Amino acid sequence: MANNNKQSKMPKFNVFWMYGLILVFLLTVYWMNQDGSVSQEVSWTQFESIVGKGGVKSITVYRGKNKAEAVMTDSLAKEVLKDLPQQPASPFSAEAAAATNKVNAQIPSTDKFDDYVKAWREQGAFSGEVKYVEGSNDLSMMLYTFGPIVLLVALWFFLLRRMGGGAGGGGGIFSVGKSKARLFDKDNATKVTFQDVAGLAEAKIEIAEIVDFLKNPKHYTELGGKIPKGALLVGPPGTGKTLLAKAVAGEADVPFFSMSGSDFVEMFVGVGASRVRDLFRQAKEKAPCIVFIDEIDAVGRARGNKANMGGNDERESTLNQLLTEMDGFGTNSGVIILAATNRADILDKALLRAGRFDRQIYVELPELSDRKEIFQVHLRNVKTDGSVDLDLLSRQTPGFSGADIANVCNEAALIAARRKKQAVQRQDFMDAIDRIVGGLEKRSKVITDEERHSIAVHEAGHATVSWHLRYGDPLIKVTIVPRGKALGAAWYLPEERQIEPKQALLDKICSLMAGRVAEDMFLGFIDTGALNDLERATKIAYAMVTYYGMSDKIPNISYYDTSGESYGFTKPYSEERAQTIDEEVQAIINNQYERAREILSQYQSGHHALAELLQQREVIYTEDAERIFGPRQWKSRTEEIIKEESANRAAEAAEAAGDNNTVTPPPFEQSDNQ
């Protein structure tokens with residue numbers, strides 16, 4: 001114990017000690033002459049007396065300092081220095097000064113000193129050489145001597161700090177292996193709870209058990225239960241994985257370490273593994289706590305997929321250390337690992353095994369009810385009026401993530417502020433959805449009459465065919481006003497299906513091909529405006545053949561790889577099968593092309609009326625298509641919301657004194673680059 005106390009009292013080594021020793025050494029060297037000797041300072045009277053004794057070999061006169069230095073013979077030096085007071089003008093001791101053969105003194109002036117030298121020569125006391133040197137003051141001498149050294153040291157410090165900022169944090173290069181995790185404890189003012197996380201009901205249920213364990217660990221340990229050591233949050237971007245992890249820390253009221261997977265990766269070998277060790281060391285000291293690693297796929301990718309040519313793979317070393325640390329925890333240590341990723345399929349299998357990430361919690365895109373809750377959360381700080389309908393907003397944002405909905409609310413507030421309104425209204429939200437989905441309206445873009453007619457025919461083709469398809473999405477709006485990269489667009493309110501029947505995919509391809517068919521039939525030529533339509537139709541057709549097994553010649557076979565390991569340099573099928581796949585895709589596209597031609601031929605007059613109305617008004621809505629084609633034969637659960645929106649729009653048009661050009665933006669867009 002005594003030895004331990006002594007060791008604890010000893011000061012720790014600091015790198016700045018080394019800098020201090022170097023500085024002392026340099027100052028010592030400064031006071032040394034070139035030959036390593038020391039000069040004893042005397043008065044002018046003593047100096048004159050010493051020279052008069054006749055034992056001086058040479059004299060050096062420093063003009064700038066008005067100082068003279070005399071070099072004596074050894075016999076004279078012993079005689080003179082022993083009688084002088086021991087007051088050395090250097091860091092050395094008096095004994096060291098007595099061993100020198102030099103003395104120096106301040107002279108009256110250089111001109112007068114020449115007279116003294118002449119007198120000494122006439123007396124025969126001095127016959128040596130007299131040197132005149134342009135001496136400088138001590139400050140300029142120090143700058144001249146140490147200036148380059150100081151610049152080099154300053155440059156070194158600058159480089160260390162730059163390297164420390166990019167690699168080692170505040171400690172510089174000496175802390176390059178330290179963890180860069182940020183700590184959020186219970187003393188932080190900003191705290192996220194489950195009330196701030198809307199939707200995600202199923203994910204909350206799964207993760208609430210972790211919160212309960214951190215609050216009441218004895219309840220589980222007494223029964224012999226063990227809490228999962230890790231939980232992996234998997235889902236598309238923007239669905240709230242990071243927010244859910246912060247809510248867990250806020251609810252449990254424990255320290256929360258947050259770090260990105262890319263923070264472990266560094267150009268130096270071994271840094272990633274060192275940071276992993278330091279992170280878990282800090283976590284054990286703060287236990288019970290939560291460690292959250294965002295985008296863990298940056299270091300957790302499956303090992304062995306790519307040969308590293310015998311070199312050291314830093315990512316694999318970091319992953320190996322992470323696996324060791326997660327499996328090396330003591331039982332019920334109180335440290336829980338949460339991680340988030342968008343690509344669980346590419347993670348290493350050892351990372352997902354029981355004992356590490358025991359649970360995988362899927363955070364999917366919000367459903368209709370979840371979107372309504374998310375709108376309620378984000379509208380807390382937005383000043384709205386009674387016209388805002390959350391049911392309508394949630395229905396018009398299918399496929400939107402939580403981040404997208406937050407963007408809609410913010411964009412609506414900005415639009416209302418731009419229009420000098422006192423509150424955000426429903427129209428502002430509609431414009432915000434339209435802006436996010438379709439892009440900014442570009443009415444200033446110059447379009448010729450021929451192009452305008454071509455765009456109207458193209459968009460009317462989409463609307464006509466979609467209106468008469470069984471699985472066609474309910475139409476909201478068709479516009480030929482340029483928006484974003486598209487010259488025209490059609491908005492639909494798609495059904496939120498969990499599975500898609502084969503006929504729904506075929507109907508979607510048929511609707512996409514309708515624009516190109518309308519150009520060919522009614523204009524006599526085709527143009528480049530159908531690029532986006534053709535791209536999407538081709539992808540759906542290839543997915544039907546190669547993924548879903550919906551081909552007549554290649555039934556019930558899927559080449560989709562869910563493991564994420566891919567097939568390397570070889571395809572999982574032969575060249576003959578590849579040719580068959582291409583033939584099947586072409587057959588699907590051709591059949592739907594002809595099907596769209598038949599529908600447009602049957603409803604040719606309605607298509608022409610719709611295209612003409614589009615050219616006149618630029619924007620048409622559901623009620624316009626219903627007036628031309630009649631009610632749709634197939635109703636869907638979204639038809640009611642469309643009718644409600646149409647009624648509201650008609651009421652607004654009546655209040656606006658017959659202004660039929662009121663624009664009500666849609667929810668979801670099936671756009672094309674027409």
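Trainee: Leaving aside its neighbours within four places in sequence, which residues is Thr60 in contact with?
Mentor: Thr60 touches Lys67, Ala68, Glu69, Lys131 and Val133. Bear in mind that this is a predicted model.

Trainee: Where is Thr60 found?
Mentor: Thr60 sits in strand 2.

Trainee: Is Thr60 buried or exposed?
Mentor: Thr60 counts as buried, because its relative accessibility is 14% and the cut-off for buried is under 20%.

Trainee: What sheet have we got here, and in what order do the strands run?
Mentor: It is an open sheet of five strands. The order is 1-4-3-2-5, and the pairing is mixed.

Trainee: Which strands stand at the edges?
Mentor: Strand 1 (40–41) and strand 5 (129–133) do. Each has a single partner strand, so one side of each has no neighbour in the sheet.

Trainee: How do strand 2 and strand 3 pair?
Mentor: Strand 2 covers residues 56–62 and strand 3 covers residues 67–72. They pair in the antiparallel sense, over six bridges. Tyr62 stands opposite Lys67 of strand 3. Ile59 has Ala70 in strand 3 as its bridge partner.

Trainee: And what holds strands of a sheet together in general?
Mentor: Strands pair through backbone hydrogen bonds, either parallel or antiparallel.

Trainee: Over how many bridges do strand 3 and strand 4 pair?
Mentor: Five, and the sense is antiparallel. Lys67 has Gln106 in strand 4 as its bridge partner.

Trainee: Why is strand 3 called largely enclosed?
Mentor: Five of its six residues are buried, so the rest of the structure largely encloses strand 3.

Trainee: Which strands does helix 4 lie across?
Mentor: Helix 4 (residues 74–81) lies across strand 1, strand 2, strand 3 and strand 4. Helix 4 runs at about 115° to strand 3.

Trainee: Let's zoom out. How many helices and strands are there in the protein?
Mentor: The protein has 24 helices and 15 strands. Of its 674 residues, 44% are buried. The accessible surface comes to about 35,800 Å², and 53% of that belongs to carbon and sulfur atoms.

Trainee: New topic. How many salt bridges does a search of the whole structure find?
Mentor: It finds 15. One of them joins Asp391 and Lys372, with the closest N and O atoms 2.9 Å apart.

Trainee: Where do Asp391 and Lys372 lie?
Mentor: Asp391 is in helix 15 (residues 390–395), and Lys372 is in helix 14 (residues 368–378). So the pair ties together parts that are 19 residues apart in sequence. Asp391 is partly exposed at 36% relative accessibility. Lys372 is partly exposed too, at 29%.

Trainee: Which salt bridge does Glu583 make?
Mentor: The side chain of Glu583 meets that of Lys553, at 4.0 Å from N to O. The pair links distant parts of the chain, 30 residues apart. Glu583 is in helix 21, while Lys553 is in the loop between helix 20 and helix 21. Lys553 is exposed, with a relative accessible area of 55%, while Glu583 is partly exposed at 38%.

Trainee: What about Arg617 and Asp624?
Mentor: Their side chains meet in a salt bridge, 3.2 Å from N to O. Asp624 is buried, with a relative accessible area of 3%. Arg617 is partly exposed at 23%.

Trainee: Which residues are linked in a network of salt bridges?
Mentor: Arg419, Lys421, Asp428 and Asp431 are.

Trainee: Last one. Where is Trp634?
Mentor: Trp634 is in the loop between helix 23 (622–629) and helix 24 (639–655). Trp634 is partly exposed, at 27% relative accessibility. Trp634 and His468 are 166 residues apart in sequence, but 8.4 Å apart in space, C-alpha to C-alpha.

Methods:
Residues are numbered from 1 along each chain as its sequence is written. This is a predicted model: local features need pLDDT of at least 70, side-chain atom pairs count only at pLDDT 80 or more; totals for chains, interfaces and linings use all residues. Side-chain values use heavy atoms; hydrogens and water are left out. Two strands pair if DSSP finds at least two bridges between them. Helices (H or I, at least four residues) and strands (E, at least two) are DSSP runs, numbered from the N terminus. Contact means heavy atoms within 4.5 Å. Axes are lines fitted to C-alpha atoms, for helices over the stretch in contact, and angles run from 0 to 180 degrees between N-to-C directions. Buried means under 20% relative accessible area, exposed over 50%, partly exposed in between (1.4 Å probe, protein chains only). Accessible areas come from the Shrake-Rupley method with a 1.4 Å probe; for residues, only the protein chains shown count as cover.
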